[in-house]
Structure formats: structure tokens, C-alpha cells
Amino acid sequence: AAVVGINETFPHEQMHKLLAFLQEEVEALILRLASSFPTRKDQLLFLINNYDVIMSIIIERTKDDTKESDAFREQLRARSEEFVDQILQAHFGYLMSWIKEAERKLEKGDMEALRQDEKKVSEIITTFGANWKLSLDRINGETLSSFPNLKLGTGILQETLTTLLQYYHRFTRLMSVAPLSQIPAAANIINIHQLMVEVKKYKPNF
């Protein structure tokens, strides 16, 4: 960050090259260190938290829109999105997988294949209805405890909950299509507005 600051004040072509090399080496080192963790989730946590620290130092010492800060910001965004998918898969993977499959069937106009999903859909509705509140609470706890930077953690939590709402909206839209709308279990679907009310409880107070 100090070198970046000096280069902003006294720009020099050779300095630009050295900074680019240094950035590549730092990124490579972080990736090597992350690979030592056994699970992808732990790797992502290491990457996100380190990118956040680097970003904070660069922004504190330099301008917010430097090439270096933009590069690490993009890395932070990409890894955060992957983390969001990871944590949602852990709690709602059964729902997300079926949504993607059902949308493909609907796009092809394969209504018979959707009709054959009645048992699977009924199980999804039952499982979601029994566990969704507990899953939200666990996602909240897991996410906030994983990031020392509270602002970062709450931002990722909100992105996770927003993505869940988007998936559930897709689910209810699929369930409004015959023959899925006609199965008995459809009467037990959690209303999306009920889900939204619960999600709002996890909004930050600052």
C-alpha cells in the first residue's frame, strides 16, 4: 500500500511494472496458503478475510479506485458469491437443485417430466416447511461468526438471504404451473411473504 501511494504521487513506468509483479505474487501466495485448508468453505473464508484486509489497507493508504484495489475488490466479490452458494447449498441444496432441473424441463415443455416429480416436490415442501426457520438461524450464526469484519459479514449475510429469496421466488413460480399446482402438497407451501418477514429479522441495525 505504501508503494502504491508513492507511485500515485510520483508515477513511474518501472514502478507500475513492479507493482503488477508484486500483486501477482501476493495473489499467488494467498491462493497457495488457501489450498492448505481441507474444505472449499474453509478456503473461501481464508481468501475472503485476507482479501478484505488487503483491501482495507490499500484504501486506507491510497485512493479507493486504484488498479490494485479494483483487482482485490473483484477477487473479494467473486469469492463472496461462491461462499454464498456454498452456504445455501449446505442448507437448501435439495431445493436449489430441483429448481434448476425443473426450470430446464419447463423450458423444454416437458410437462410429463414435471408431473413425475410430484413425490420429490412433496418431500421438498415438507423438508423446507420443517427446517427453514432453523436453517435461517444457522446461516446467520455461521456467517457472522466467520468474518471478523462485521460490515463484511453482514453484507455477505444479506447477499445470502437475498439469493435465497430469489430461489424461493423461482420455486413458487414453478409451483404455480400445472401439473405442479395441482398436487396435494402444494397447499402446504410456505408463503414467500412469510419467508420475507423472517428474513427481515436478520437485517443489521446499523
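A search of the whole structure, a predicted model, finds 11 salt bridges, each defined as a side-chain nitrogen of Lys or Arg within 4 Å of a carboxyl oxygen of Asp or Glu. Local features need pLDDT of at least 70, side-chain atom pairs count only at pLDDT 80 or more, and totals for chains, interfaces and linings use all residues. Residues are numbered from 1 along each chain as its sequence is written, and side-chain values use heavy atoms, with hydrogens and water left out.

One of these bridges joins Glu-103 and Arg-170, at 2.7 Å from N to O. Glu-103 lies in helix H4 and Arg-170 in helix H7 (residues 150-175), so the pair ties together parts 67 residues apart in sequence. Helices are DSSP runs (H or I, at least four residues), numbered from the N terminus. Glu-103 is partly exposed at 23% relative accessibility. Arg-170 is also partly exposed, at 23%. Here, buried means under 20% relative accessible area, exposed over 50%, and partly exposed in between (1.4 Å probe, protein chains only).

Asp-70 and Arg-73 form another salt bridge, with their closest N and O atoms 2.8 Å apart. They sit 3 residues apart in helix H4 (residues 67-108), about one helical turn. Arg-79 pairs with Glu-82 at 4.0 Å, N to O. Arg-79 is buried, at 17% relative accessibility, whereas Glu-82 is partly exposed, at 27%. A network of salt bridges links Arg-40, Arg-79 and Glu-82.

Glu-198 belongs to helix H8 (residues 192-200). Glu-198 is buried, at 12% relative accessibility. Leaving aside residues up to four places away in sequence, Glu-198 touches Trp-132, Lys-133 and Leu-136, a contact being heavy atoms within 4.5 Å.

How values were computed: Helix = DSSP H or I, 4+ residues; strand = E, 2+ residues; numbered from the N terminus.
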